[in-house]
Amino acid sequence: MNHNDLMLLQKNSMVEGLPIIINDHIECKACALGKQHREEFPIHVEKRQTELVELIHIDVCGPMQTISLGGAWYFLIFVDDRSRYTWVYFIRRKGDVFEYFNEFKTMVEKQIGKCIKILRSDQGGEYTSGAFKRYCKDNGIQQ
């Protein structure tokens, strides 16, 4: 309870055994901390890319405990940094990532009319193969 309420209880003798409070104002660390104001975390909208598909985040999740109806153990996810639009592909093995990335790149660039410039991943083995790196380099995609 706050100090003023305690003083009111004492004044009206509402609580039996309440010690007599002499000081009108007591500073309590817990009360002071509870009343402190905290600033909100700043939102850095300017850190997002300015163009669609300029930066694509990519990740593979799995293997899952249960196989999908189509026989996939993994799923491959692509997220556009600007719009946060997400594409998901169900894949049978991690070795299929390069094939699905190639398919995704073609589809996105034809539909949106812009090229993928940066591909951000966790640098797992499925993204660091020689063929994948060479393909990105040949197409001007920064990993």
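Reader: Which strands does helix H3 lie across, and at about what angle does helix H3 run to S3?

Author: This is a predicted model, where local features need pLDDT of at least 70, side-chain atom pairs count only at pLDDT 80 or more, and totals for chains, interfaces and linings use all residues. Residues are numbered from 1 along each chain as its sequence is written, and side-chain values use heavy atoms, without hydrogens and water. Helices (H or I, at least four residues) and strands (E, at least two) are DSSP runs numbered from the N terminus, and angles run from 0 to 180 degrees between N-to-C directions of axes fitted to C-alpha atoms, for helices over the stretch in contact (heavy atoms within 4.5 Å). Helix H3 (residues 97-112) lies across S1 (55-61), S2, S3 and S4, and its angle to S3 is about 145°.

Reader: In what order do the four strands form the open sheet?

Author: Two strands pair if DSSP finds at least two bridges between them. The edge strands, each pairing on one side only, are S3 (86-91) and S4 (118-120). The pairing is mixed, and the order is S3-S2-S1-S4.

Reader: Which residue in S3 stands opposite Val79?

Author: Strand S2 covers residues 74-80 and runs antiparallel to S3, with six bridges joining them. Opposite Val79 stands Thr86.

Reader: What radius of gyration does the protein have?

Author: The radius is taken over C-alpha atoms, and the globule rule is 2.2 Å times the number of residues to the power 0.38. For a compact globule of 143 residues the radius would be near 15 Å, but the protein has 29 Å.
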